[in-house]
Amino acid sequence: MSTADAMARVIATLDWDGDLWPDSLPLHEAEQLRSRLGDGAARWVAGAVERSLEALQEQIHDSLAPWPTIRTFARHVLTATLLRLAGEDGLPADTEAIDRDLAEDIVARDIPLSDITGALRSMQHEWLSLLIDAAVGVRPEGIGVIPALATSVTGTMDAWIGAATDAIVDERRRVFLAEQVRVRSAIESLVTAEPVDVEAATQLLRIPLAGWHLGCAIGVPPGGAVERRVLDGLVHRFGRAVGSERMLRYETSAGKVHLWVTTDGRPRAPRVEDLRVPAPLLVGIGAPHRGADGFRRTFVEASDTLRLAAGLGDHGGASYGDVALAIVLSQDEERARWFVEHELRELAGDSPETAEMCNTLRTFFDTRMRIAPAAERLFLHRNTLINRLERIQAVLGHGVAERSAETQAALVLAELFVRRLDDPATERDDSG
């Protein structure tokens, strides 16, 4: 007797004497099995599935598992196994939907893939044991088909494990992408000051929004390029410098990377020098702030600082605390230039003489308008400094101390504009 004939004889003996689960086999599958293999095979599939599920429930004790879906999936697999043993083709039509249902539950509850594989292998072992018992009962022909039984059952289960794995991987990818969209949406709502549910955003972003946040913006000047590993190294150094692993990363379509490091207490903002920023990358570091409003505020500060650093051509970047005044004063550059011209008058020019007079004025303010310390820092005689200040006052049209706040602000802006003109990237051609 051939192996195929012996297998057919074994399958013909299959039946189930015990109680069956009500409606234990879907109508279309029962009809498929009855038409091809007989009523006994249909009852055997239903009974074998229930036996394997009982054993599985004793192993894993998961009351939340979608047992009806698992039961349907198991029937599909065992039906396919039996049809393959009988040399029949065709699988149930809705296997993809069942895979998706299982995948959604598995991913939603973050069940390890190894647990799923182990559960399927457990059912495979139970079914193979039942089939071997049936084969042993058909002597002597049935003994010879046992190796074929083992090979066929294992091969069929391998294929279904592969299909289930693919479904789980696809579902995880879908969930990940959906979560990334929600994360980006939550970040964008926070930085644009839209109303947000702080508790829900905290769970979604996986950082305590009520804590302290320190923002950093990373960018590349126009025409620059950098490898991803170099950028990732800078990101890692920033988190390590702040001293926290709770970091949120947001990348824009314009090629900028925004970071937030969250801590329980007020963090110390690292210096740009501490980060060893590799060229051509630039960073803007905000100041630490607390809560959802602080999340937005440090983002805005870091963004403005990066923009200013890029405009100035600062190597490495800048920290908000060092350039805050320049950022505020230069929000409207046209009006800022008008302000400089109004306050400094002829000192707003770009000649060596006006540059020297502005430097003198800055030093005088830096030393709290004290003649001796200013003269020492400028390497000038006291009388020389007094004479120079008199000339400056004549240009300004008032005493240095009369509008000191406005004059100092204008000096900050003047230095900012001069540094921009010194940057080769901002030079104009003859027509401009």
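Trainee: Leaving aside neighbours within four places in sequence, which residues is Ser319 in contact with?
Mentor: Remember that this is a predicted model. Ser319 is found in strand β6, residues 317-319. Setting aside neighbours within four places in sequence, the contacts of Ser319 are Pro270, Val272, Ile285 and Thr305.

Trainee: Is Ser319 buried or exposed?
Mentor: Look at its relative accessibility, which is 14%. Buried means under 20%. So Ser319 counts as buried.

Trainee: Which residues touch the most other members of the largest nonpolar core?
Mentor: In soluble globular proteins, nonpolar side chains tend to be buried together. The largest nonpolar core here has 52 residues. Those touching the most other members are Trp44, Leu82, Leu85, Trp127, Leu131 and Leu149.

Trainee: Which elements give two or more residues to this core?
Mentor: Start at α1 (3-12) and α2 (27-37), which both qualify. The others that give two or more residues are α3, α4, α5, α6 and α7.

Trainee: Leaving aside neighbours within four places in sequence, what is Trp44 in contact with?
Mentor: Trp44 is among the residues that touch the most other members of the largest nonpolar core. Its contacts include Leu82, Trp127 and Leu131, which are also among those residues.

Trainee: How many residues does the second, separate core have?
Mentor: Its members include Ala336, Ile392, Leu413 and Phe417. This separate core has 32 residues.

Trainee: Which residues lie nearest the centre of the second largest pocket?
Mentor: That pocket has a volume of about 320 Å³. Its lining has 22 residues. Nearest the centre lie Ile70, Ile106, Asp115, Ile116 and Ala119.

Trainee: Which elements each supply at least two residues of that pocket's lining?
Mentor: By class, the lining of the second largest pocket has 17 nonpolar, 5 charged and no polar residues. The elements that each supply at least two of its residues are α3 (39-60), α4 (67-85), α5 (95-108), α6 (113-137) and α7 (146-191).

Trainee: Which residues line the largest cavity?
Mentor: The count comes to 1 cavity of 30 Å³ or more. The largest cavity has a volume of about 30 Å³. It is lined by Leu113, Ile116, Thr117, Leu120, Ile161, Ala164, Thr165 and Ile168.

Trainee: Which elements give two or more residues to the lining of the largest cavity?
Mentor: The lining of this cavity divides into 6 nonpolar, 2 polar and no charged residues. The elements that give two or more of its residues are α6 and α7.

Trainee: What is the omega of the peptide bond from Arg139 to Pro140?
Mentor: Pro140 sits in the loop between α6 and α7. The bond from Arg139 to Pro140 is cis. Its omega is near -5 degrees.

Trainee: Where is Pro280 found?
Mentor: The peptide bond from Ala279 to Pro280 is cis, with omega near 5 degrees. Pro280 is in the loop between α10 (272-275) and β4 (282-285).

Trainee: Is Arg276 buried or exposed?
Mentor: Arg276 is not a glycine, although it has a positive phi of about 50 degrees. Its place is in the loop between α10 and β4. Its relative accessible area is 54%, so Arg276 is exposed.

Trainee: What is the relative accessible area of Arg345?
Mentor: Arg345 has a positive phi of about 55 degrees, although it is not a glycine. It lies in the loop between α13 (333-344) and α14 (352-366). Arg345 is partly exposed, at 46%.

Trainee: Is the pair of Trp260 and Phe295 stacked or edge-to-face?
Mentor: The count comes to 4 aromatic pairs. For Trp260 and Phe295, the ring centres are 4.3 Å apart and the planes are at 5 degrees, so this pair is stacked.

Trainee: How many residues apart in sequence are the parts this pair ties together?
Mentor: Trp260 is buried, and Phe295 is buried too. Trp260 lies in strand β3 (residues 257-263), and Phe295 lies in helix α11 (residues 291-312). So the pair ties together parts that are 35 residues apart in sequence.

Trainee: Which residues do ring pairs link into a cluster?
Mentor: Begin with Trp260 and Phe295, whose rings form a stacked pair. Ring pairs link into a cluster the residues Trp260, Phe295 and Phe299.

Note on methods
Residues numbered from 1 in each chain as written. Predicted model: local features only at pLDDT ≥ 70, side-chain atom pairs only at ≥ 80, totals over all residues. Heavy atoms only, no water. Helix = DSSP H or I, 4+ residues; strand = E, 2+ residues; numbered from the N terminus. Buried < 20%, exposed > 50% of the residue type's maximum accessible area, 1.4 Å probe, protein only. Contact = heavy atoms within 4.5 Å. 1 Å grid on protein atoms, 1.4 Å probe; cavity = no way out; pocket = protein on both sides within 12 Å on 5 of 7 lines; lining within 4 Å. Points joined across faces, edges and corners; volume = space filled by probe spheres on them. Nonpolar A, V, L, I, M, F, W, Y, C, P; charged D, E, K, R; others polar. Phe/Tyr/Trp six-rings, centres within 6.5 Å; stacked < 30°, edge-to-face > 60°. Core = buried A, V, L, I, M, F, W, Y, C linked by side-chain atoms within 4.5 Å.
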